[in-house]
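Work through the two exercises below with the structure at hand. Each task is followed by a solution in steps.

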Amino acid sequence: MPIVLYRVDERLVHGQVVIGWGSQLHPDRYVVVDDDLSQSQWEQDLYRLGAGGAEVVFSGCTEARGRLAEWRDAPQRTILLTRDVATMSRLAEGGALNGESIVLGGVHPAPGRREALTYVHLTEKEMADLAVIAAAGADVFGGDLPDSQRVDLDHLRRRWNSSN
Amino acid sequence: MSNGLPRAAVVSAFLRSFLIQGSWNYRSMLGGGFAFAMLPTLRRLFTEQPARQAALARHLELFNAHPYMSNMALGAAVKLEAEGADADTVRRFKLAVRGPLGSLGDGLVWATWLPGVSLLALTLYWMGAPGWVAAATFLVVYNVGHVGLRLWAFRVGLAHGREVGGRLAKADLAGWTERLQGVASMLLGGLVGAVLLGGDGLRAAGPVWVGVAAAAGAAGLLVGHRSWRPAAVTVVAAVVGLSALGWLS
């Protein structure tokens, strides 16, 4: 079973992912790719509480790149989450995510970030990274919930360019 | 003293938690209320203005969870700040804990405790208890659970700090939610029965409404345990309420 969703969302395993996306995609497993979290047991304990009984695997980015094929070939339906664009970008290096769909979810305001969507704020570096991922063959778009309107990267960039 | 803080500061944080939704907004959600509840603690821990302002600013950031369960994050944040945890640890803790506290609290309180206690009060009323008894029962029982949950969550947070995950898993709130939903489903069946049999109830409204109520009761028995939703309870409560007012009879 392929990985059914790749998502960038600062909140990682939380209601919008578990209830919103999970109720449609029925994942057996969430894979959280994050170098810091993969080393932090107390944070892992907290995130696992929100997974609604599904398995939660925490992995550093380098390890995750080595296990992508394993997760894609496994019988479990998997949702892969990163908390930032930088991690997804590292994961995608060398065309590792070509042909996959990557959804931008909650990326909140921070210094240096501009609004692309009400729930997606990006720095110039993050916008450039997304363009590289898309140019390499991945389908990158904004979408908070599965039933909400898909916002293509080009449209998202125009909105980002015009925001203050 | 608690965690090196005067008891008054800890009690003040708990009391202020009742106002945690007071400045709710789409940008920071509970952030303003959380910072307000943290203020007595931060005043005692940070005597220099720049440090105090920096601490206050990090608690003003976006935070969202169920308002009662957010007390667990509040208690833990008080402990972390009192122990001198670095700002990044406090921020990462609040980021990680808000999801579980939101989903567990929503399921336990909004989807179970509130409609369940409402059903209890309505059932009492339809069994013949005076209206004030039903209203007082609702207010007392609901708030025993409400305040008890706030207090328990705050104490767990204060005792365990960032390690609340293990304690929260052991508490099995999802299991309690399921058990309470079973009780609430039983109350829903009892309420339908009381409405059907009550002299001033649907029986007086005529056979059509009796048929509708019987069908609703049968559907509840067959699939109610699988489709328990606050919206369904609201509809039943509205029908019963309207009937009680004589609008359907």
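**Exercise 1: a strand and its partners**

In strand 4 of chain A, A:Leu80 is the bridge partner of A:Tyr6. The model used here is predicted.

Task: Find which residue stands opposite A:Tyr6 in strand 5 of chain A, and state how many bridges join strand 1 of chain A to strand 4 and how many to strand 5.

Solution. 
1. Begin with strand 4 of chain A, residues 78-82: 5 bridges join this strand to strand 1 of chain A, and the two run parallel.
2. Turn to strand 5 of chain A, residues 101-104, which is joined to strand 1 by 3 bridges, again in a parallel run.
3. In strand 5, the residue opposite A:Tyr6 is A:Ile102.

**Exercise 2: two domains of chain B**

Task: Describe the side of domain 1 of chain B that touches domain 2 of chain B: which elements give two or more residues to this side, and how do its residues divide into nonpolar, polar and charged?

Solution. 
1. Count the contacts: 18 residues of domain 1 of chain B are in contact with 15 residues of domain 2 of chain B.
2. List the elements on the domain 1 side that give two or more residues: helix 1 (7-16), helix 4 (70-82) and helix 5 (87-126) of chain B.
3. Helix 4 of chain B supplies the largest share of that side, 9 residues.
4. Sort the residues of this side of domain 1 of chain B: 12 are nonpolar, 5 polar and 1 charged.

Terms used: Residues are numbered from 1 along each chain as its sequence is written. Chains are lettered from A and ligands numbered from 1 in the order in which they are written. This is a predicted model: local features need pLDDT of at least 70, side-chain atom pairs count only at pLDDT 80 or more; totals for chains, interfaces and linings use all residues. Two strands pair if DSSP finds at least two bridges between them. Helices (H or I, at least four residues) and strands (E, at least two) are DSSP runs, numbered from the N terminus. Two residues are in contact if their C-beta atoms, placed from the backbone, lie within 7 Å. Ala, Val, Leu, Ile, Met, Phe, Trp, Tyr, Cys and Pro count as nonpolar, Asp, Glu, Lys and Arg as charged, and the others, Gly among them, as polar.
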